[in-house]
Amino acid sequence: MKLKTGIAWARVITMLTLGLALTGCIAAGGSAQIKPDNVAKLQEGVTTLAEVRAMFGDPIQTGLTSDGNREFYYQYSKTTVNPATYIPVVGSFLGGSDTDFQKLTIIFDEDDVVEHFLYDETSQETKTPLGF
């Protein structure tokens, strides 16, 4: 009987350890985290394309405006899963995740100088289906 109890506890400990290992953060986006300090350094009519690349790296997407000006898009998201999500039954009520989003769009003029930029930070909380 003691052997079965020991195996049961070993399974419980293994499941808890696995659950804790699976918790944490998931980062996504083609670019690194957008540092607000670097966004504050952007100056319309002053900052060049080369300086933007030095601050933020390669954009995840580029495009052209209707005026033919170049656009750079940067995006980053980070999701943190609530550890309770992995607990059987309890996770259905208390589980969920928090996601932080960052978006930066930069429009350059014909001389590859920043003409305009938009920066947005958003946070979103997601509950498991029964967590309301």
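Modeller: Let us begin with arginine 53, which is partly exposed at a relative accessible area of 33%. On this scale a residue is buried under 20% relative accessible area, exposed over 50%, and partly exposed in between (1.4 Å probe, protein chains only). The side chain of arginine 53 meets that of aspartate 58 in a salt bridge, with 2.7 Å from N to O. The term salt bridge requires a side-chain nitrogen of Lys or Arg within 4 Å of a carboxyl oxygen of Asp or Glu. Aspartate 58 is exposed, its relative accessible area being 54%.

A word on the basis of these values is in order. This is a predicted model, in which local features need pLDDT of at least 70 and side-chain atom pairs count only at pLDDT 80 or more, while totals for chains, interfaces and linings use all residues. Residues are numbered from 1 along each chain as its sequence is written, and side-chain values use heavy atoms, with hydrogens and water left out.

The helix to examine is H3, which spans residues 49-56. Helices (H or I, at least four residues) and strands (E, at least two) are DSSP runs, numbered from the N terminus. Which residues of H3 are buried? They are Leu49, Val52 and Phe56. Viewed down the helix axis, these buried residues fall within an arc of 55 degrees, so they line one face of H3. The arc is taken from the directions that run from the helix axis to the C-beta atoms. On the other side of H3, Ala50 and Ala54 are exposed. The cover over the buried residues of H3 includes helix H2 (36-41), together with E3, E4 and E5. Just after H3, glycine 57 takes a positive phi of about 80 degrees.

The largest nonpolar core has 12 residues, including Leu49, Val52 and Phe56, along with Val39, Phe72, Tyr74 and Phe108. Helix H3, strand E3 (70-81) and strand E4 (96-108) each supply at least two residues of this core. A nonpolar core is a set of buried Ala, Val, Leu, Ile, Met, Phe, Trp, Tyr and Cys residues joined through side-chain atoms within 4.5 Å. Valine 39, one of the core residues, is in contact with Ile34, Phe56, Leu104, Phe117 and Tyr119, leaving aside its neighbours within four places in sequence. Contact here means heavy atoms within 4.5 Å.

Phenylalanine 56 also takes us to the aromatic rings. A search of the whole structure finds three aromatic pairs. Phenylalanine 56 and tyrosine 74 form a tilted pair, 5.5 Å centre to centre with 45 degrees between the planes. This pair links distant parts of the chain, from helix H3 to strand E3, with its two residues 18 apart. Phenylalanine 56 and tyrosine 74 are both buried. The rings of phenylalanine 72 and phenylalanine 108 have centres 5.0 Å apart and planes at 75 degrees, so this pair is edge-to-face. Phenylalanine 72 lies in strand E3 and phenylalanine 108 in strand E4, so the pair ties together parts 36 residues apart in sequence. Both phenylalanine 72 and phenylalanine 108 are buried. Rings of Phe, Tyr and Trp (its six-membered ring) pair if their centres lie within 6.5 Å; planes under 30 degrees apart count as stacked, over 60 as edge-to-face and the rest as tilted. Phe56, Phe72, Tyr74 and Phe108 form one aromatic cluster.

Strand E3 brings us back to charged side chains. Two salt bridges are found in a search of the whole structure. Aspartate 112 lies in the loop between E4 and E5 and arginine 70 in strand E3, so the pair ties together parts that are 42 residues apart in sequence. Aspartate 112 counts as partly exposed at 25% relative accessibility, and arginine 70 as partly exposed at 34%. The phi of aspartate 112 is near 60 degrees, a positive value in a residue other than glycine.

Finally, how confident is the predictor? The protein chain averages a pLDDT of 81, and 72% of the residues score at least 70; pLDDT is the predictor's confidence in each residue, from 0 to 100. Over residues 16-23, pLDDT stays under 50, and for these the model has five contacts beyond four places in sequence.
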